[in-house]
Amino acid sequence: TTICSDKTGTLTTSRMTVVKVFCGSRIFSTLSNIALPNPLKIAFMEAAVVNTMSKSNLVAGPTLGVPVYTGNDTECGLLVMANTIGTGGGTIDYNGHDMPYKDIRKRYPEDQDGRKQFTFSSARKRMSTRVRLPNGKYKIFTKGAAEMVTAICTHRVTVDGGLEVMSSAVRAEVEAVIASFADEALRTLCIAYKECDSPIEDVEEAEKGMVMIGLVGIEDPVRAEVPDAIKDCAKAGIVVRMVTGDNMRTAAAIAKKCGIIDDSIPMEHQVIDGKTFREKVSDKDNNLIQSEFDKIWPSLRVMGRSTPLDKHLLVSGLQASRMEGMPVQTVAVTGDGTNDAPALKKADVGFAMGIQGTDVAKNASDVIIMDDNFVSIVRAVMWGRCVYD
């Protein structure tokens, strides 16, 4: 039996918190007194806040100064970062309306003339928002997977607020920081911008020649109960495979914390990125090549930078495999997005998330996990086996 599990919110708490910022050539671990010029602080905050959805908000919780997240958890983490930088770490009354991130949203309202959003896609791994400036020009803010966004940047902001070309040396420095954040199991996003004289409508043109403002390292702690649940799965003959949009180093670091990585198998055989997986196991029309798939799946534990198509290929290949000496696989898969519906339908058991899941995902699934917790999936397996016995 195999469980193909998402990471965020299922294996982790989904309490996203920005714990590190890289800007210029410096890494900051304390956001409350981040040593940047005030204009650069404002630019960092604006780039983080403007490029979030309006449904992502921070509201008062039971503990003073500790907000409850509503909407997208990653975006809420960025809103907390903006509040922390904007107040210098001061206590915030989340019952009120006087917050740095809300002030920025007032300056750039959603119904602002000339505003346009280029929505996130799993292929681009980023989203962008265009706003009109008081001088009549336009500014485009972009956030997304660090290596994908840095690739479209031609310059970066220096620590004193100037600009420098993204030379090969600068790119090597940035890549080293991305790798170090990933090794600490941090989800790393790049925040960038560019100014233009006229409104650009085409997404490819809009996201060319960006200026990198910085990187943010976001911590998403593993649920305390997950490692024991993974051990229970192993005892029951169930292999857990993590499928995530995070980069491979971050995914591998989190999988190790969860106990998904098998120490008896070389790491390079356990971890793969979605693009490499897709190129190896499917033809140009994305049809599965079972013989190639069978070379990979027995040792595969983690797939990073995956797309919904990769998840569907993984489920299909596992179900169809008839390798000698290997049991026929019963495949369960988790999903929360609309694009996960094909994989949820294809799986022997599709688990949709009750909190984060879309209606399309829920309708395509067999079981809805009301608390989005991996432990509940293990409990469902236990109950199912008891009924079967």
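Modeller: Helices (H or I, at least four residues) and strands (E, at least two) are DSSP runs, numbered from the N terminus. This is a predicted model, in which local features need pLDDT of at least 70, side-chain atom pairs count only at pLDDT 80 or more, and totals for chains, interfaces and linings use all residues. Residues are numbered from 1 along each chain as its sequence is written, and side-chain values use heavy atoms, with hydrogens and water left out.

Biologist: Where does K125 lie, and what is its phi near?
Modeller: K125 is placed in the loop that runs between β6 (116-121) and β7 (126-132). K125 counts as buried because its relative accessibility is 9%, where buried means under 20% relative accessible area, exposed over 50%, and partly exposed in between (1.4 Å probe, protein chains only). K125 is a residue other than glycine, and its phi is positive, near 60°.

Biologist: Is D372 buried or exposed?
Modeller: D372 sits in the loop between β18 (367-369) and α15 (374-388), and its phi is a positive value near 60° in a residue other than glycine. With a relative accessibility of 5%, D372 counts as buried.

Biologist: How far apart are the end C-alpha atoms of α1?
Modeller: The expected span of a helix is 1.5 Å times one less than its number of residues. For the 13 residues of α1 this gives 18 Å, which agrees with the model, where the end C-alpha atoms are 18 Å apart.

Biologist: Which residues of α1 are buried?
Modeller: In general, nonpolar side chains tend to be buried together in soluble globular proteins. In α1 the buried residues are L40, A43, F44, M45, E46, A47, A48, V49 and V50.

Biologist: At what angle do α2 and α3 pack?
Modeller: Axes are lines fitted to C-alpha atoms, for helices over the stretch in contact, and angles run from 0 to 180 degrees between N-to-C directions. Angles under 35 degrees count as roughly parallel, over 145 as roughly antiparallel, 65 to 115 as roughly perpendicular and the rest as oblique. The axes of α2 (residues 73-87) and α3 (residues 100-107) are 7 Å apart, and the two helices pack at about 105°. That angle makes α2 roughly perpendicular to α3.

Biologist: Which residues make that contact, and how many are charged?
Modeller: From α2 the contact uses L79, A82, N83, G86 and T87, and from α3 it uses P100, Y101 and R105. Ala, Val, Leu, Ile, Met, Phe, Trp, Tyr, Cys and Pro count as nonpolar, Asp, Glu, Lys and Arg as charged, and the others, Gly among them, as polar. By class the contact of α2 with α3 has four nonpolar, three polar and one charged residues.

Biologist: How many charged residues are in the contact of α1 with α3?
Modeller: These helices pack at about 75°, with their axes 10 Å apart, and α1 and α3 are therefore roughly perpendicular to each other. The contact joins I42, M45, E46, V49 and V50 of α1 to P100, Y101, I104, R105 and R107 of α3. By class it has seven nonpolar, no polar and, as charged residues, three.

Biologist: How far apart in space are A60 and D93?
Modeller: A60 lies in the loop between β4 (57-59) and β5 (68-70) and is partly exposed, with a relative accessible area of 33%. Not counting residues up to four places away in sequence, A60 touches V68, Y94 and N95. A60 and D93 are 33 residues apart in sequence, and their C-alpha to C-alpha distance is 7.5 Å.

Terms used: Contact = heavy atoms within 4.5 Å.
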